[in-house]
Amino acid sequence: MKKAILIISVLFIGATGFAQNKNAKATIEVDGVCGMCKDRIEKASIQAKGVKSAIWNVETHQLNLIYNEKKTDLATIQQSIADSGHDTQDIAAKDEVYNQIDPCCKYRDQQVIDDHKQGGH
Amino acid sequence: MKNYIFIAFLFPLSVFSQEKVTGKITDNINNKEVSLAGANVYWLNTQVGTVTDFDGNFEIAYKPEYKKMVISFVGYKTDTISVNSPKRITHSLTSTANLDEVTVTARQKATSRSFIQATNVLNVSSEELLKAACCNLAESFETNPSIDVNFSDAISGTRQIKMLGLTSPYILITTENVPSIRGASQAYGLSFIPGTWVESIQITKGAGSVTNGFESIAGQINAELQKPTLDDKLFVNAYGAGNGRFELNTHLNTKVTDRWSTGLYIHGNMRDTEFDKNDDSFLDAPLMQQVNVMNRWQYTDTENGYVGFFNVRFLNDEKQTGQIGFDEKKDRGTTNAWGSEINTQRFDLSGKFGFVNPDIPWRTGGLQLAYSHHNQESFFGLNDYNIEHNSLYANFLYNSIISDSRHKIKTGVSATYDGYEELVLTENFSRIENSVGAFFEYNFDNLGDLNFTAGIRGDIHNRLGAFITPRFHLRYTPWEKSAFRISAGRGKRSANIFTENQQLFATSRDLKILGNGGEIYGLNPEIAWNYGASYMQGFNLFGRRGDVTFDFYRTDFKNQIVVDWENPSEINFYNLDGESFSNNYQLEFNYNPFTHFDVRLAYKYYDVETTYLSGKKQNPLTPNHRFFANASFQTHQTQKGGNWKFDATFNYLGEQRFSGSENYLNTIGLSEFSPSVSTLNAQITKVFSSNFEIYVGGENITNVKQPNPIVGSDTPFGTTFDTTYVYGPIFGSSYYAGLRYRIN
């Protein structure tokens with residue numbers, strides 16, 4: 001009986017494992033203003049365990065992700081990005097971290113945003 | 001985003017009263033609609049967005065202040081489109097999946113060197129290639145300081161290229177990453193690729209990648225050909241020069257079906273005017289004619305992630321040279337007059353097939369297959385030289401990542417077959433060479449200041465044995481706008497001593513192979529290590545961009561087939577016994593002093609030495625000092641796309657050592673070193689519109705000429721006859737004009 005439970009539970013885990021996508025795609029919004037932000041966001045994403053590919057677009061603020069659902073989830077990835085100083089759609093970066101990023105990357109500052117719009121970077 | 005959708009549900013009335021944009025997002029598969037589910041659609045600079053449903057449909061609130069809609073999806077190019085009314089739209093996205101190793105689709109601006117790549121690669125765009133209008137791949141390096149172009153001898157008109165002080169056999173030359181100019185086509189192969197067929201060139205200094213084989217030593221040159229889907233529907237280039245040369249290039253490209261495109265590329269060139277301006281009774285440039293036809297087929301299926309290229313090419317090239325009045329029918333095989341003919345027929349068949357996993361964009365693979373038949377029949381005075389070369393090449397490549405996109409891998413297997421039937425004078429040197437190998441390359445990129453590529457391949461070759469080829473490249477950026485690179489790698493090859501040194505047949509020298517029972521002509525394979533370091537710094541000076549690069553490369557031969565010209569009555573081939581190396585220092589400076597004006601300056605110092613039987617010596621006809629300057633300017637484009645373009649290139653070559661003892665050189669009127677030479681080329685292009693342009697140019701404007709380039713020209717069957725003492729231009733200044741017409 002124990003064996004049967006074990007087999008069933010293994011099968012069940014296997015089945016749920018199968019249902020989880022190893023190459024799940026997602027697009028989330030991450031705030032940032034420039035190429036330096038792009039590097040930081042992509043690096044923070046890829047350094048989060050389980051993320052295989054991360055491409056952020058400066059203009060659209062969209063972060064295209066491919067990640068292993070078995071190893072991570074969107075909340076974890078977003079936390080990692082927020083820890084690097086960038087607000088994501090669900091998690092805002094802590095002020096202490098935000099204050100440490102380069103002055104040119106201060107995406108919460110309207111002045112900085114405007115500077116970039118005028119073709120600063 | 002979800003929050004906003006939620007909010008929208010809470011206020012159904014406001015949604016109802018709002019105007020809406022509805023639409024459908026599809027995958028762009030040759031105008032065939034395939035719905036894209038899960039694509040993001042939102043208004044630029046707002047938080048208003050939605051996601052397409054399973055049929056690719058979406059619905060999004062519209063307000064007049066929303067102007068631009070952004071559509072994005074992983075694995076596709078993000079598009080921003082203008083929408084200024086509440087309507088229904090249908091939009092297709094383009095897959096970003098491309099196969100770097102199989103096709104390079106990006107079009108580069110002029111010449112550029114990357115700050116990011118691990119390898120020291122110089123990208124030369126088609127725009128750069130137009131700066132010197134003439135005419136084939138060998139001549140397209142005139143505006144590039146990394147490649148040196150010389151005449152190999154005084155009669156055949158062949159331009160020989162050198163990189164890091166070493167001749168072209170040590171450079172792996174590929175077309176679309178398939179090794180193409182090797183074996184029997186080594187000497188003249190570069191002139192078999194018309195310049196207009198070339199879309200871009202990538203020059204890699206130092207050890208290349210293991211994915212393309214083990215043969216590259218000094219570097220790699222890859223030429224990307226025009227792609228039927230990107231090239232003009234019709235392109236015509238006509239060229240005529242005062243030296244009697246005419247060329248005509250025609251490209252016809254058309255789309256056959258949704259997935260198939262084809263291109264027909266026709267090239268013809270001829271020179272039928274005899275010139276003997278230096279009165280040595282020999283033609284200054286050969287009479288020649290070439291017909292070169294290629295048909296390309298391109299297959300693109302983005303839906304399933306397949307791309308392919310299939311090429312068929314036929315070439316007939318005839319060169320005749322020697323004394324004025326030489327008549328092949330009457331004079332061949334006699335000493336009435338000295339003449340030479342080099343006739344080549346070539347047939348090429350190649351295919352490439354690549355796949356991308358549409359769901360997993362980093363998983364790509366490619367298969368390259370190539371077959372060529374090359375037949376050269378030639379005679380040089382009383383010396384006959386015939387070579388037939390059948391070649392097969394297969395390479396399979398697979399790309400993926402390990403855990404994430406910072407760790408990329410490439411792996412694959414390859415096989416080659418080369419069958420040679422070679423008749424040298426009366427001796428037969430026919431042989432077969434074949435190899436199978438496997439490779440693995442790992443690339444690490446920390447997405448910041450460091451990336452490196454480490455590759456290794458193992459091959460089993462019927463004549464070179466079983467061996468390992470390691471290659472390593474690293475790029476480190478210590479501070480902003482800089483790139484520090486190092487590379488190291490090993491190369492191994494079998495020297496095709498006769499075909500690589502065909503100029504020897506146009507001399508009175510005796511051929512001697514001092515073999516030791518080795519596998520190739522009784523000689524051993526050539527083995528060399530190449531080490532390089534390069535530092536590049538970008539800067540802003542007076543608000544203008546520039547960059548400066550310093551390179552050092554060293555090639556160290558473990559074995560080399562020494563080509564010894566030191567004894568004037570002989571040419572000896574033997575295995576290296578002692579040191580042979582090439583040290584190359586290059587300082588390059590690029591600056592943009594004002595808009596549309598670019599300046600490139602380069603200074604090079606070469607120290608190339610080989611141990612001959614007679615001792616260690618500097619390699620003959622390899623100058624220590626070289627200086628290069630290029631300036632280009634273009635006027636602002638008019639609305640029709642017209643403008644003027646000006647380009648000038650200056651080349652200085654320091655003195656070059658002639659082979660042979662000082663005593664002997666005196667008797668033939670030469671001193672130990674050649675004088676230094678400076679040449680100037682310039683071109684002006686008038687672009688009338690994007691469809692039509694004309695150009696005029698001059699080569700060697702200052703009319704520099706080597707006096708008496710042929711030693712013993714008065715007694716061509718005598719003991720001193722030698723056409724290889726060439727250090728500078730034979731033909732004086734020459735002017736040309738041409739036109740380019742295209743329909744897009």
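1. Across the interface of chain A and chain B of this predicted model, four residue pairs are in polar contact, with both residues of each pair at pLDDT 80 or more; a polar contact here is a pair of N or O atoms within 3.5 Å, of which, within protein, one must be able to donate a hydrogen and the other to accept it, while residues adjacent in sequence count only if both atoms are side-chain atoms. The count of salt bridges between chain A and chain B is zero, a salt bridge being a side-chain nitrogen of Lys or Arg within 4 Å of a carboxyl oxygen of Asp or Glu.

2. The contact, defined by heavy atoms within 4.5 Å, draws 21 residues from chain A and 26 residues from chain B. The two chains bury about 1900 Å² between them, 51% of it on carbon and sulfur atoms, where buried area is the accessible area (1.4 Å probe) that two parts lose on being put together, summed over both. Of the area that chain A buries against chain B, K25(A), I46(A) and K52(A) supply 26%, more than any other three residues.

3. On the side of chain A that touches chain B, the elements giving two or more residues are strand 1 (24-29), helix 2 (35-47), strand 2 (51-56) and strand 3 (62-67) of chain A; helices (H or I, at least four residues) and strands (E, at least two) are DSSP runs, numbered from the N terminus. The residues of that side divide into five nonpolar, nine polar and seven charged, with Ala, Val, Leu, Ile, Met, Phe, Trp, Tyr, Cys and Pro counted as nonpolar, Asp, Glu, Lys and Arg as charged, and the others, Gly among them, as polar.

4. For residues 27-87 of chain A, UniProt lists "domain: HMA" in an unreviewed entry; the positions are given in the numbering used here, the feature names are shortened, and annotations may be inferred rather than shown by experiment. Over residues 27-87 of chain A the chain is 38% helix and 25% strand, and the end C-alpha atoms are 14 Å apart.

5. In chain B, strand 24 (residues 364-380) and strand 25 (residues 383-402) pair in the antiparallel sense over 17 bridges, pairing requiring that DSSP finds at least two bridges between two strands. Y371(B) stands opposite L392(B) in strand 25 of chain B, and the hairpin of strands 24 and 25 has two residues between them, with G381(B) in the turn at a positive phi of about 60°. Strand 25 of chain B is in turn joined by 18 bridges to the antiparallel strand 26 (residues 404-424) of chain B; in this hairpin one residue lies between the strands, and S403(B) takes a positive phi near 60°.

6. An open sheet of three strands in chain B has the order 11-12-13, with antiparallel pairing. Strand 11 (147-151) and strand 13 (166-167) of chain B stand at the edges, each with a single partner strand, so one side of each is left without a neighbour in the sheet. E142(B) forms a salt bridge with R159(B), the closest N and O atoms being 3.0 Å apart; the pair links distant parts of the chain, 17 residues apart, with E142(B) in the loop between helix 3 (126-129) and strand 11 of chain B and R159(B) in strand 12 of chain B.

7. On conventions, residues are numbered from 1 along each chain as its sequence is written, and chains are lettered from A and ligands numbered from 1 in the order in which they are written. In this predicted model local features need pLDDT of at least 70, side-chain atom pairs count only at pLDDT 80 or more, and totals for chains, interfaces and linings use all residues, while side-chain values use heavy atoms, with hydrogens and water left out.
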